[in-house]
Amino acid sequence: MFILEVVSLKDAALLALGDELLSGIRREGNCTWMAARLHRAGWKVRGMEVLPDDTAASLAALRRWIGSVRLLVISGGLGPTHDDRTRDILAEFLGAPLVRDDATYDRMASRYCGDHREAFERSRSRQAAIPAGVESVYNPLGSALGMRFERQGTEVFSFPGVPAEYRAMADEALGARLTPEECWLSVSITGWAESLLKDRIADVLEDPLMHTSILPAANLVEVVLRGETDRIRAGEREIRERLPGDCLPAGCTTLQQAVVEAAIDRRMTVSAAESCTGGLVGAAITDVPGSSEVFPGSVICYDNRIKRQLLGVSPEILETNGAVSEACACAMAEGARRLLGADMAVSVTGVAGPGGGSAEKPVGTVWFAVSSARSGETKALLRKFAGDRAMIRERSRAKALELLWRGILGDTAWK
């Protein structure tokens, strides 16, 4: 009996070097970014490792992956200081001396003049060095050369760890290797807990002809489908038909993107009044390119005085109902809409903690409201979130964006 093992022709591994990553002084993001790009291009990432500035550990990782994957991408360790050891490690692994590529380094140095050029030149002896026989990779933003070589069927790239440099060099050097393929699709769904959603679409998730993943975030669950084109399209279609009001538009992966696209499509302007979220809703919306077309601004009304003076929330509401109440949320949304001249406004006011809660309004109590100039209606919703202050604020931000999106679409069935 013979067992045929199918080996991927597009598998990869990712390495990040740096003691600062393991100590938590810096957060590693290059491998995560690269993994997402490779995933969209149909690659299977078999492993990601964060390694110390240690020659033995790095050499062991190189021996572990070179020869077993098609692509290996290394981040970090190419600076001019004593703990930047990647070029030396690669030279030792390849059994090759370090040599300078002054021609490529001259191209990079030509971008600078004066003191910047002088600083660039001081790093030349170190950052222009690459192992003999290795191809250098031009750095469009910094002073360290990248590297490319092949060994045992593995193509190896090494880039600086500075995120902007890493990404720019990867986009240029990897080129077509990162071109997206239609071997996967994703559907982003809002208003559902992961545990309930998996039961609602269990048959799609369990389809043996697809590989599926559920990726939860605050008030959003992304369902990723991988497989043959016809199969994943059918799976996506089934999910959208089963959850017609909860799926974000195709190609839309965030609630803020859905808000901006829906508002542009319907020629509407939107705004926000935020208390406990302190500007998180407005920041999310303005992260989206094109948001200036639909978002005139927002009001951060953390103090009750601002609620009264800017948004017109009456003293009676604040004294009788309190700032965390249905009446206050409605008044905030209506006030923001009028003040900013928007077609629609969302408000959020709550107790984010860790203090400030009571038996009647415990930490996690949050009121939302959406006010629409077109319908003349203002609707409110109460939620009680679990978690620490950061989690409550993040969940509040995400729920406010969902309600705003549903309001733009005219959806009256809030969850």
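User: How many bridges join β10 to strand β11, and which way do they run?
Analyst: 8 bridges join β10 to β11 (residues 220-227), and the two run antiparallel. Strands here are DSSP runs of E, at least two residues, and helices are runs of H or I, at least four residues, numbered from the N terminus. Two strands pair if DSSP finds at least two bridges between them.

User: What should I know about the source?
Analyst: This is a predicted model, where local features need pLDDT of at least 70, side-chain atom pairs count only at pLDDT 80 or more, and totals for chains, interfaces and linings use all residues. Residues are numbered from 1 along each chain as its sequence is written, and side-chain values use heavy atoms, with hydrogens and water left out.

User: Which residue is the bridge partner of P216 in β11?
Analyst: V221.

User: What order do the strands take in the open sheet of 3?
Analyst: The order is β9-β11-β10, with antiparallel pairing. β9 (184-190) and β10 (210-217) are the edge strands, each pairing on one side only.

User: And the sheet of 6 strands, what order there?
Analyst: β2-β1-β3-β8-β7-β6, an open sheet with mixed pairing. β2 (44-51) and β6 (135-137) each have a single partner strand, so one side of each lacks a neighbour in the sheet.

User: Which strands does helix α2 lie across?
Analyst: Helix α2 (residues 30-40) lies across β1 (11-17), β2 and β3 (71-75), at about 165° to β1. Angles run from 0 to 180 degrees between N-to-C directions, with axes fitted to C-alpha atoms, for helices over the stretch in contact. Contact means heavy atoms within 4.5 Å.
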